[in-house]
Amino acid sequence: MHHATANGDSRLSLWLHAREFAVPPPMIKSATARRANGDWAGACAAAHVDVDLNLRHAAHAYGQEFTAHLRADLRHLAPDLLRWHMPRIAPDGLMRPGLTVSLARYDPVGHGGGNTVHLVARTPPAWADAGQRISLALWDGSRFGAGRHPHPRPHRRFRLDLHRHLWDVRRVGELRVRSGADRPPDDGRSAPNLDVPLARGCAVDRWAAEAWLLLRAEGRTDGAVAVRLGGRRQLVVDLAADGDTSGLPALQIRTAPSRGDASALPVLPDAATWVLPDLALLRAGLIEADRLHPLVVPALVPGHSPPGTPRSPEGEGGPRLVECRGAQHRIDLVNGVLVPLDHDPAEIRREGLLAALTGTPLPCLQVIDEDHRAPECLIDVRARLDHGDTAGALAAVEGLLGPGAPLPRGALRDELETAAQRRIDHGLFRAGLTGLGQGPAPRPGHRSRGYRARPRKATFR
């Protein structure tokens with residue numbers, strides 16, 4: 001795991017952390033196998049994506065033609081790739097909470113009152129984000145599909161309906177061009193009339209093409225597009241009317257005169273505003289191609305051969321050496337329990353009794369006790385639990401302590417208990433049993449970072 005800030009760039013640091021823990025290889029393998037067999041619902045389950053839509057109800061509400069398009073999109077949805085590209089927040093790279101992302105837009109003819117219907121992916125609010133699960137639903141601007149989510153309407157900035165290559169396996173081939181991986185880094189040199197400073201990592205060389213695609217989706221051929229760089233910083237991109245896909249429109253970037261003036265403009269999607277995180281990490285030398293999603297590698301690293309053995313969260317295996325009474329002793333797993341190999345059972349019993357009487361036990365036993373309470377892998381275990389990789393966290397613990405090891409009171413046990421308790425909060429949110437006020441209050445001893453924001457009043461619409 002990389003703990004240091006990546007070259008001082010917090011954005012790269014959070015994405016590096018996410019690439020390490022957010023979408024583990026076993027999840028990708030399982031979701032890919034099920035999708036290849038035509039089981040899109042099973043692929044979603046493998047990628048921790050809950051399906052909150054019903055095709056039969058959708059057919060009744062919007063017609064068979066709509067349902068055929070929706071079913072085709074679901075069959076080609078790579079839920080693990082969607083999780084890979086979901087918007088994330090600092091410092092740990094967790095998915096942005098309380099978000100509704102549009103994946104596809106449909107215009108049913110003669111059904112649903114003429115409203116545009118969105119296939120959306122939603123993340124739960126911060127207080128209920130245990131497991132980092134995503135839910136799929138339909139949204140047509142009405143009560144249908146709103147559920148209990150605090151922000152059921154698709155976000156204008158965080159949208160993927162114009163970036164299907166980030167979740168649709170039929171479009172992944174577009175990633176190389178849409179990400180700018182087919183060209184050397186530009187740093188804004190190709191943008192004419194660039195008279196404002198830009199944040200590091202902006203994909204300025206793609207703004208003209210992406211803004212033109214956005215305007216075309218809005219039924220326009222020219223105009224202005226708002227670009228949000230985080231916080232309160234906002235720019236406006238003006239495009240000339242004579243642009244097309246072969247010759248990019250003239251581009252002028254200026255500071256937004258006021259937030260109110262820019263709020264009425266179409267917003268350039270966040271996925272088009274910044275350099276693709278994987279591409280930025282590769283160019284910075286912070287990640288290897290083997291650690292990228294298999295569907296991303298061919299676009300960013302053409303000709304790369306996948307490794308023969310996937311990465312595993314488990315320990316390296318073999319006895320560990322401990323300095324004990326002037327000698328090198330070994331500790332290792334025996335019958336599923338971590339034990340000292342160079343001390344006989346009678347000596348271990350005596351040392352255990354000494355420790356119970358507040359004495360100082362053997363160094364070998366001290367190391368084992370410390371591993372049970374706060375092992376060296378605790379940071380990785382905590383990160384895996386935060387990102388919903390419970391299986392990976394347990395594999396890391398069992399690889400160090402063994403599956404039969406008892407857990408005394410300590411930091412490791414607290415982490416596992418907290419993760420289990422927060423899963424209950426998520427279950428209550430999914431079941432709509434959180435009441436009409438705030439979400440559950442933090443429990444005694446609960447880490448404050450687990451509740452990154454104060455619970456907001458739930459809105460039921």
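This is a predicted model: local features need pLDDT of at least 70, side-chain atom pairs count only at pLDDT 80 or more; totals for chains, interfaces and linings use all residues.
I started at His-48, which sits in the loop between helix 3 (40–46) and strand 1. Its phi is near 60 degrees, positive although His-48 is not a glycine.

I found four of them in an open sheet, ordered 1-6-5-4, with mixed pairing. Which strands are at the edges? Strand 1 (49–51) and strand 4 (100–106) are, each pairing on one side only.

Strand 1 pairs with strand 6 (residues 134–139) in the parallel sense, over three bridges.

**Asp-50**

I picked Asp-50 because it is buried, with a relative accessible area of 16%, under the 20% cut-off. Asp-50 belongs to strand 1, and its bridge partner in strand 6 is Ser-135. What does the Asp-50 side chain pair up with? I got a polar contact of 2.9 Å to the side chain of Arg-133. Leaving out residues up to four places away in sequence, Asp-50 touches Arg-133, Ile-134, Ser-135, Leu-136, His-426 and Arg-430.

**Gln-132**

I went on to the loop between strand 5 (117–122) and strand 6, where Gln-132 lies. Gln-132 is another non-glycine residue with positive phi, here near 50 degrees. Is Gln-132 buried or exposed? Its relative accessibility is 3%, so I logged it as buried.

**Helix 17**

His-426, one of the Asp-50 contacts, took me to helix 17 (411–431). I did the length check. With 21 residues at 1.5 Å a residue, helix 17 should span 30 Å, and its end C-alpha atoms are 30 Å apart, so the two agree.

Which residues of helix 17 are buried? I listed Leu-412, Glu-415, Leu-416, Thr-418, Arg-422, Asp-425, His-426 and Phe-429. An α-helix has 3.6 residues a turn, so residues three or four places apart point the same way. I then asked what covers the buried residues of helix 17, and the cover includes strand 1, helix 14 (363–373), helix 15 (378–386) and helix 16. After helix 17 comes Gly-432, with a positive phi near 70 degrees.

**Two prolines**

Pro-403 is in the loop between helix 16 (390–401) and helix 17. I have it down as exposed because its relative accessible area is 62%, over the 50% cut-off. I also looked at Val-337: it is 66 residues from Pro-403 along the chain, yet their C-alpha atoms are separated by 6.9 Å.

Pro-91 is in the loop between strand 2 (88–89) and strand 3 (94–95). I checked omega for Ala-90 and Pro-91 and got about 5 degrees, a cis peptide bond.

**Cores**

Last, the nonpolar cores. The largest has 60 residues, and Leu-70, Leu-103, Leu-119 and Leu-136 touch the most other members. Which helix gives the most to this core? Helix 1 (residues 10–21) does, with five residues. Apart from it I found another core, of 20 residues, including Val-204, Leu-215, Leu-239 and Leu-268.

Not counting residues up to four places away in sequence, Leu-103 touches Leu-82, Leu-119, Val-120, Ala-121, Leu-136, Leu-160, Asp-161, Arg-164 and Trp-167. Leu-136 is on that list, and Leu-136 is also among the residues that Asp-50 touches.

Technical notes:
Residues are numbered from 1 along each chain as its sequence is written. Side-chain values use heavy atoms; hydrogens and water are left out. Two strands pair if DSSP finds at least two bridges between them. Helices (H or I, at least four residues) and strands (E, at least two) are DSSP runs, numbered from the N terminus. Buried means under 20% relative accessible area, exposed over 50%, partly exposed in between (1.4 Å probe, protein chains only). A nonpolar core is a set of buried Ala, Val, Leu, Ile, Met, Phe, Trp, Tyr and Cys residues joined through side-chain atoms within 4.5 Å. Contact means heavy atoms within 4.5 Å. The expected span of a helix is 1.5 Å times one less than its number of residues. A polar contact is a pair of N or O atoms within 3.5 Å; within protein, one must be able to donate a hydrogen and the other to accept it, and residues adjacent in sequence count only if both atoms are side-chain atoms.
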